[in-house]
Amino acid sequence: MLEISPSKVAYVAILAREIDVKVAPWDSEGDDQDSDGGAVLEAHADDPVILQFKEFIDGLNEDEQANLVAVMWIGRDTFTADDLEEAIDTARAESINNTGDYLMGVPLLADYLESGLEALGIDPEEEEDDLY
């Protein structure tokens, strides 16, 4: 049984999408324009969305964090929906790093979270729509 509300998973997916539209900071001055001459959004450690993402994850209890990671793993096909309990147990056992930092490093996090919810029979779009 999932021990995190689907709306919390959807909220993390929304934040992850906001972060995904940004690029890593440029190394040198003058590189703040893309090839079309428009400004490029940059992701910095002190970016409000990144801070909000990490604070939200840190505010979850250990069970919710393990369940969030399990949903992501199910969406990434590391586990199946039938293996939810095993995925949660594995996430608890392997939780040696900060969960927010771990999830920030997962490419396509929002897609994996949404796919994981779908695999568990939960409509991610409906959950996300309820947050707006």
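Me: Which helix does E127 lie in?
Reply: The model is predicted, so local features need pLDDT of at least 70 and side-chain atom pairs pLDDT 80 or more, while totals for chains, interfaces and linings use all residues. Residues are numbered from 1 along each chain as its sequence is written, and side-chain values use heavy atoms, without hydrogens and water. Helices are DSSP runs of H or I with at least four residues, strands are E runs of at least two, and both are numbered from the N terminus. E127 lies in helix α7.

Me: Is E127 buried or exposed?
Reply: Buried means under 20% relative accessible area, exposed over 50%, and partly exposed in between (1.4 Å probe, protein chains only). E127 has 16% relative accessibility, so it counts as buried.

Me: Which residues is E127 in contact with, leaving aside neighbours within four places in sequence?
Reply: Contact means heavy atoms within 4.5 Å. A10 is 117 residues from E127 in sequence, yet the C-alpha to C-alpha distance is 6.0 Å. With those neighbours left aside, the contacts of E127 are P6, S7, A10 and I122.

Me: Which helix gives the largest share of the negative patch?
Reply: The surface patch gathers E118, D123, E125, E126, D129 and D130. Its residues have over 30% relative accessible area (Shrake-Rupley, 1.4 Å probe) and no salt bridge (a Lys or Arg side-chain nitrogen within 4 Å of an Asp or Glu carboxyl oxygen), with like charges joined within 9 Å and, in nonpolar patches, side chains of Val, Leu, Ile, Met, Phe, Trp or Tyr within 5 Å. Asp and Glu count as negative, Lys and Arg as positive, with His and chain ends not counted; charges are placed at CG of Asp, CD of Glu, NZ of Lys or CZ of Arg. Four patch residues come from residues 124-131, helix α7.

Me: Is D130 buried or exposed?
Reply: D130 lies in helix α7. Its relative accessible area is 58%, so D130 is exposed.

Me: Where does D77 lie?
Reply: Phi of D77 is near 70°, a positive value in a residue other than glycine. D77 is exposed, at 67% relative accessible area. D77 sits in the loop between α3 (62-75) and α4 (84-93).

Me: What is phi of L108 near?
Reply: L108 is in the loop between α5 (99-104) and α6 (109-119). At 47% relative accessibility, L108 counts as partly exposed. L108 is a residue other than glycine with a positive phi, near 65°.

Me: What share of the protein's residues count as buried?
Reply: The protein has seven helices and zero strands. Of its 132 residues, the buried share is 37%.
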